[in-house]
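Please look through the sequence and the model below before reading on.

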Amino acid sequence: MSPSIIETAKKVWATWSIRVFIIVSLSLQIFLMWFARYRKWRGGKMGKCLDILIWFTYLLADWVAGFTIGLILSEQSKTPIESSDIHVFWAPFLLLHLGGPDAITSFALEDNEFWIRHLLGLGFQVGSTAYVFVKSLTENKLWFPTILVLIAGIIKYAERNRAFYLASFDQLGYDWLSSEWGDEIPVPAEFQKMDSQRKSEPSLLWTAVHHFGTIKMMLVGPLLSPYQCSEIKEAFLKVGDSSRVLQILEIELSLLYEVLHTKLPVVGCMMGHFFRFVTMCCILVALLSFSLFKKYYLLKQLDMWLTYGLLIWAFVLDIISIVLLISSDWSLAAYIRSTESRFFKKRRWSRAVSQLNFITFYVKDYPSFWKEFADLLRIRGLLEAIKGIRCLSSKDFKEDPDWCFIFEKVKELGEFLAAPSRTLQDTKQVWLYSRERVLQDFTNSNELIEIVGGLDYTKSVLAWHIATELCFQGVDQASTSGNESTSHREFCKLLSDYMFYLLVMQPAIMAAVSVSWKKVFEETLGETALHVSSSISNNEDACKKIFQLIPGLRNSEKGTSRSVLLPASDLAKKLKISNSTPWEQMSKVWVHLMCFAAMNCRPQVHAQQPSKGGELLTFIWLLMNHLGLGSHFSNHY
């Protein structure tokens, strides 16, 4: 390469590198401020794409800000140049960027647990910025606004680190142990007296805030006492209809998101208000100072406008933060007393239920040479993950009748398990007894128990999923009549595809109940390939092939194969009695399967879901805990 080209590149880098990275850092902050709040209510493929984009931006923002501080520090160690003062003035703005917007402090729960690492980063970056400033202090014409922005930057960065610390599970446990149970914001007396049929949105909000301590207890581990358990259950049963209960659960998970992933716990207190006022004053005075004396600084036009952009955005960011603070659920519960406030009507959950189907997953398989190539590079798992995203879809979740049905069946499950004559020692017994209770609703329950009785949870989910798809496709459509039957049919399909999606795409959620899942899934796919030609490209034809498999064929292979294809085919045949499929009873089975999965998922995994658009399984987990059915109430079984 020609020496002249290298020299030109060096000059361009020296002249433009800091300016370009400052602009990039500012752009990343604007993106995070605007789009981070959408994480709570974006589901489906769009939500997952947005989640990946926010994750990439979140990581890149910290790297760009830290790297730019390093560029300015490196520049200071060389011969002073004309633009050195303005670059020193820009360094504290990068501390503001490292502090991040209030709408997102952590992307995942793990970020909160590593608060000590972030604290070390705070010390290093503040020390580097202070060193840059002190080194230029004797000749720096911008020393006064630089000090003001430096103060604001240190406060903002410290706020983020304190938010990490307060949201760590150790600190959440300490907060719970050092406070009385239920000492959250009390429900005002005028709303306590309201009749349950006239519950307003503010009263539901205050109810959710009042019982938020329950979620903290579930996250940090201690069990609730019988008194606390009965009090929560009684309060929820008094709410009234299931739609109101769903609204309370939505609010509780929204409160949890604000505690774990935003600066609200830091800036929402009186000390936080004070430091936010100091920050705004520093930025405003720095802006006025720069505006009044800009001619004295002899800046280039581009540098001047870029500095204005940094100052104005820093001030606007504080204004936006105040608006978000006022409109947060915690602030609404603490300060707003009007029952008609429009701030209460806002979206808190995506209400999107992700869908993935086994038959679709099979018919959209890759050609064999792609698999062989992936095996050669040892990226078969990545290839399967991409295929899962290709096959992924989502459906809207309806309060009526979907949630109403779930609410009633969970209550029935609670009454069944709470019977005095029934003493269950562990979750396996809960699974067996409750499964027996659900299958008794079928007219041929003994035949069904014979098929699925020997299957563990993972095999049961896959067998019921395939059987549901066989019944849903053209085999049973003609026999489905009436709005109620159609509703149960669609609802059954919704839950079936959702549970398969959790097994394939959300292994962390299903980890406790899917120990042998990978082998079961692979062998079932392999057996499907033996009976269904790869030339078949639609679900209906594939289902017909599977439905025609000979009943009982699996007996000769019993003990040698983990595939559930043949049991699923037998199950579908047994479900079709007199050309009519019992969709309502099958819906009960799926609610039961979901309850067991929710009950065995770690609370920390559920706590992560509100930042990903929310999962229906998390709402069921929260409902079960409020009704005394979660793993934390196992002593009541």
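Predicted model: local features only at pLDDT ≥ 70, side-chain atom pairs only at ≥ 80, totals over all residues.

H24 covers residues 457-472 and H30 covers residues 583-599, and the two pack at an angle of about 150° with their axes 11 Å apart. Because angles over 145 degrees count as roughly antiparallel, H24 is roughly antiparallel to H30. The crossing in which H24 passes H30 is left-handed.

Helix H3 (residues 84-99) and helix H6 (residues 143-167) have axes that come within 7 Å and cross at roughly 20°, which makes H3 roughly parallel to H6. H3, too, passes H6 in a left-handed crossing. On the H3 side the contact is made by Val88, Phe89, Pro92, Phe93, Leu95, Leu96, Leu98 and Gly99, while H6 contributes Pro145, Thr146, Val149, Leu150, Ala152, Gly153, Ile154, Lys156, Tyr157 and Arg160. By class, the contact of H3 with H6 has 13 nonpolar, 3 polar and 2 charged residues.

These pairs belong to a protein with 32 helices and 2 strands, in which buried residues make up 54% of the 637 residues. Of the contacts between residues at least 6 apart in sequence, 81% join residues at least 24 apart.

The strands come next. Strand E1 (residues 352-355) and strand E2 (residues 393-396) run antiparallel and are joined by 4 bridges, and the bridge partner of Ser354 in E2 is Ser394. In a regular strand the side chains alternate between the two faces of the sheet.

What does Leu392 contact, leaving aside its neighbours within four places in sequence? Leu392 is in contact with Lys45, Lys48, Ser354, Gln355, Leu356 and Tyr501. This residue lies in the loop between helix H20 (380-391) and E2, and with a relative accessible area of 4% Leu392 counts as buried. Leu392 and Gly44 are 348 residues apart in sequence, yet their C-alpha atoms are 7.8 Å apart in space.

A buried residue is also found within a helix, namely Ser25, whose place is in helix H1 (residues 3-35). Its relative accessible area is 1%, which is why Ser25 is classed as buried. Not counting residues up to four places away in sequence, Ser25 touches Val64, Ala65, Leu94 and His97.

Most residues other than glycine have a negative phi. Arg351, although it is not a glycine, has a positive phi of about 55°, and Arg351 is found in the loop between helix H17 (329-335) and E1. Arg378, another residue other than glycine, has a positive phi near 60°, and its place is in the loop between helix H19 (368-377) and H20. Is Arg378 buried or exposed? Arg378 is exposed, with a relative accessible area of 78%.

Conventions
Residues numbered from 1 in each chain as written. Heavy atoms only, no water. Axes fitted to C-alpha atoms, helices over the stretch in contact; angles between N-to-C directions. Parallel < 35°, antiparallel > 145°, perpendicular 65-115°, else oblique. Left-handed = near helix turned anticlockwise from the far one by under 90°. Contact = heavy atoms within 4.5 Å. Nonpolar A, V, L, I, M, F, W, Y, C, P; charged D, E, K, R; others polar. Pairing = 2+ DSSP bridges. Buried < 20%, exposed > 50% of the residue type's maximum accessible area, 1.4 Å probe, protein only.
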